[in-house]
Amino acid sequence: QVQLIESGGGLVQAGGSLRLSCAASEGTFSTYTMAWFRQAPGKEREFVAAVHWNGASTLYADSVKGRCTISRDNAENTAYLQMNTLKPEDTAVYYCAADTRRTPYSASRSIKNYGFWGQGTQVTVSS
């Protein structure tokens with residue numbers, strides 16, 4: 001059973017930065033495709049970014065492209081989301097997720113492909 005624990009959320013002013021972390025406590029982290037999703041109040045959970053288990057392929061939602069960077073450190077069993085130039089519309093609970101299927105080539109943005117989830121961390125961006 002993969003356990004994911006997010007950290008790094010908080011309150012930040014518009015234009016600021018945050019770095020989210022997701023630590024995996026079980027399993028073979030280097031074989032997991034890792035992703036970040038977010039859910040704002042009253043809205044559905046949406047894809048933010050993903051990094052393939054091979055480390056070479058990343059994927060971003062258009063809304064964060066150029067402002068966010070996803071990365072992973074297999075030695076630390078941790079995935080990161082660096083968020084810059086934050087906007088009030090980035091306010092949401094951010095969830096880390098793992099796809100353990102070890103599919104080839106590229107990550108997925110489909111929520112149904114991620115079988116393990118963290119508890120979420122709140123990000124609030126004030127205007």
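The structure is a predicted model, in which local features need pLDDT of at least 70, side-chain atom pairs count only at pLDDT 80 or more, and totals for chains, interfaces and linings use all residues. Residues are numbered from 1 along each chain as its sequence is written, and side-chain values use heavy atoms, with hydrogens and water left out.

## Overall fold

The protein has eleven strands and zero helices, where helices (H or I, at least four residues) and strands (E, at least two) are DSSP runs numbered from the N terminus. The radius of gyration, taken over C-alpha atoms, is 13 Å, close to the 14 Å that the globule rule gives for 127 residues, so the protein is as compact as a globular protein of that length; the globule rule is 2.2 Å times the number of residues to the power 0.38. Along the principal axes, the C-alpha atoms fill a box of roughly 40 × 30 × 25 Å.

Of the 127 residues, 44% count as buried, a term that means under 20% relative accessible area, while exposed means over 50% and partly exposed lies in between (1.4 Å probe, protein chains only). Among contacts, that is heavy atoms within 4.5 Å, between residues at least 6 apart in sequence, 62% join residues at least 24 apart. The accessible surface of the protein, from the Shrake-Rupley method with a 1.4 Å probe, comes to about 6,400 Å², and 47% of this surface belongs to carbon and sulfur atoms.

The protein carries 12 positive and 10 negative side chains, with the centres of the two sets 5 Å apart. In this count Lys and Arg are positive and Asp and Glu negative, whereas His and the chain ends are not counted; the place of a charge is NZ of Lys, CZ of Arg, CG of Asp or CD of Glu.

## The cysteines

A disulfide is a pair of cysteine sulfur atoms within 2.5 Å, and by this rule the count comes to one. The bond joins C22 to C96, with an S to S distance of 1.9 Å. Because C22 lies in strand β3 (residues 18-24) and C96 in strand β9 (residues 92-99), the pair ties together parts that are 74 residues apart in sequence. The torsion about the S-S bond of C22 and C96 is about -75°, so the disulfide is left-handed. C22 is buried at 0% relative accessible area, and C96 is likewise buried at 0%.

C68 counts as buried, at 6% relative accessibility.

## Residues in loops

P88 sits in the loop between β8 (78-83) and β9. Leaving aside its neighbours within four places in sequence, P88 is in contact with A14, V125 and S127. From C-alpha to C-alpha, P88 and G42 are 15 Å apart in space, and they are 46 residues apart in sequence.

N77 is found in the loop between β7 (68-73) and β8, and its phi is near 55°, a positive value in a residue other than glycine. R102, in the loop between β9 and β10 (116-117), has a positive phi of about 55° although R102 is not a glycine. The table gives the accessibility of these loop residues.

| Residue | Relative accessible area | Class |
|---|---|---|
| P88 | 34% | partly exposed |
| N77 | 25% | partly exposed |
| R102 | 49% | partly exposed |
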